[in-house]
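Please look at the sequence and the structure shown below. The paragraphs that follow lead from the chain as a whole to individual residues.

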Amino acid sequence: MKVRSNLYRKEGYYGYLFVLAPVVGYLLFTLYPLLYSLYGSFTDWDGLGQMTFIGLDNFKDILADELFYKASFNTIFMMIGIPIEITLALLLAMGLNRKMFGTTTFRVIYYVPVISSLAAVSILWQWAYNGDYGLVNQFLALFGFEGPNWLTDKYTVKPALILMMIWKNIGYSMLLYLAALQSVPKDYYEAAQLDGANSWSIFWNITFPMVKPVTFFIVVTKIIGGAQIFTEVNIMTPTGGPEYSSATVVFYVWKKAFENLQMGYASGMAMLLGLFIFVITLVQFRMNERSSKDME
C-alpha cells in the first residue's frame with residue numbers, strides 16, 4: 001500500500017508539473033496585465049513615467065468623449081457583418097455538403113483567406129477599393145456604374161470594411177457548419193422525406209436545430225472578435241477614416257496609448273470594452289440556456 005501511495009504521489013507531482021506551464025503563463029501574460037491595466041485606468045500615466053492616481057477622472061472624461069462614442073458606434077455597426085457572414089456560411093456549407101464534383105476544391109478556395117495574413121489581405125483590399133484603379137470599381141464599370149473612392153467616403157468606408165471582413169472570415173464559419181452538417185444522422189432526413197416534408201420544413205426542423213450549438217459558438221466568438229477590430233482599420237484607414245467614420249474602440253485605444261501617450265486614459269477605455277464584451281457574452285449564454293430548456 002505504501003508503494004502504491006508513493007506512485008500516486010509521483011503521478012500527482014507530474015500532473016502538477018504539466019499544469020504549471022499554462023497556469024504560470026496565464027498569471028504572467030493575462031491576469032497580471034489585466035490587473036495592472038485596471039490599476040492604470042485610475043491613474044494619469046504616459047506609459048513611461050510615474051503613475052499618478054486620479055481616481056475616476058479618466059472614466060468621467062471617457063464618458064464625455066465624443067470620439068469614444070463614435071468609435072463605439074462604428075464598432076457595433078461593423079458587427080452587422082456577423083449575421084450576414086453566418087447566413088452565407090451556412091448556405092455555402094449546405095451547398096458544399098452535397099456529393100458534387102469539385103466540392104473539395106471549393107472548400108479549400110473558401111478557406112484560403114482564413115489562413116492568409118490579415119495584414120496582407122488588408123493591403124490587397126485597400127488596393128481593390130482604390131477609387132481610380134481599384135478592382136472593385138473596374139468591375140462596377142463593366143455594368144456602367146461609377147464606383148466611389150470607398151475608403152475616403154464616410155458613407156461607404158464601413159460597408160467596405162464589412163465586406164472585406166466577411167470575405168476574410170466566411171471560410172472559417174463555413175468549415176464549422178460543414179462539420180456540423182456531416183454529423184447529422186441521415187436517418188432524420190430520410191424519415192422526414194418519407195413523411196412528405198418539403199425542403200424548408202426539413203431545414204427548419206432538422207438542419208437548423210442540429211447546427212444550433214455551432215451557431216451559438218460562432219456568434220459568441222464573432223462578437224468577441226468584432227469588438228476588438230483593429231488591424232484592418234489601422235492598415236486600410238490609418239487616420240480612422242473620413243470624419244473618424246471607421247475608427248473602432250481598439251483603434252482609438254491604440255491612438256490614445258501610443259500616439260498621445262495617454263496610457264491611463266487608454267486603459268480606462270480598454271476596461272469599459274472588456275466589461276461590454278463580458279456582459280454581452282454573459283447575456284448570450286443566458287439566452288442559449290433558456291433556449292435549450294425550451295427545446296427540451
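Among contacts between residues at least 6 apart in sequence, 65% join residues that are at least 24 apart. The model in which these contacts are found is a predicted one. Its chain contains 14 helices and 2 strands.

The overall dimensions come next. The radius of gyration of the chain is 24 Å, whereas a compact globule of 296 residues would have a value near 19 Å. Taken along the principal axes, the C-alpha atoms fill a box of roughly 85 × 75 × 35 Å. The accessible surface of the chain amounts to about 18600 Å², and carbon and sulfur atoms account for 68% of this area. Of the 296 residues in the chain, 35% are buried.

One part of the surface can be examined on helix 1, which covers residues 2–40. Which residues make the nonpolar surface patch of about 820 Å²? The patch is formed by Y14, L17, F18, L20, V24, L28 and F29.

Is S173 buried or exposed? With a relative accessibility of 0%, S173 counts as buried. Leaving aside residues up to four places away in sequence, S173 touches E85, A89, I218 and K222. With one of these neighbours, E85, the side chain of S173 makes a polar contact of 2.9 Å.

Charged side chains form the next topic. Side chains of opposite charge can pair when their charged atoms come close. In the whole structure, a search finds 4 salt bridges. One of them joins the side chains of E243 and K154, with an N to O distance of 3.4 Å. This pair links distant parts of the chain, 89 residues apart: E243 is in the loop between helix 12 (231–236) and helix 13 (249–259), while K154 is in the loop between helix 7 (135–141) and helix 8. E243 is exposed, at 52% relative accessible area, and K154 is partly exposed, at 32%.

Another salt bridge connects the side chains of K255 and E259, at 3.0 Å from N to O. K255 counts as buried because its relative accessibility is 14% and the limit for buried residues is under 20%. E259, with a relative accessible area of 46%, is partly exposed.

A salt bridge is also found between R286 and E289, whose closest N and O atoms are 4.0 Å apart. Where do R286 and E289 lie? They are placed in helix 14 (residues 263–295), and because they are 3 residues apart there, about one helical turn separates them. R286 is exposed at 53% relative accessibility, whereas E289 is partly exposed at 40%.

Technical notes
Residues are numbered from 1 along each chain as its sequence is written. This is a predicted model: local features need pLDDT of at least 70, side-chain atom pairs count only at pLDDT 80 or more; totals for chains, interfaces and linings use all residues. Side-chain values use heavy atoms; hydrogens and water are left out. Patches are made of residues with over 30% relative accessible area and no salt bridge: like charges are joined within 9 Å, nonpolar side chains (Val, Leu, Ile, Met, Phe, Trp, Tyr) within 5 Å. Accessible areas come from the Shrake-Rupley method with a 1.4 Å probe; for residues, only the protein chains shown count as cover. Helices (H or I, at least four residues) and strands (E, at least two) are DSSP runs, numbered from the N terminus. The radius of gyration is taken over C-alpha atoms; the globule rule is 2.2 Å times the number of residues to the power 0.38. Buried means under 20% relative accessible area, exposed over 50%, partly exposed in between (1.4 Å probe, protein chains only). Contact means heavy atoms within 4.5 Å. A polar contact is a pair of N or O atoms within 3.5 Å; within protein, one must be able to donate a hydrogen and the other to accept it, and residues adjacent in sequence count only if both atoms are side-chain atoms.
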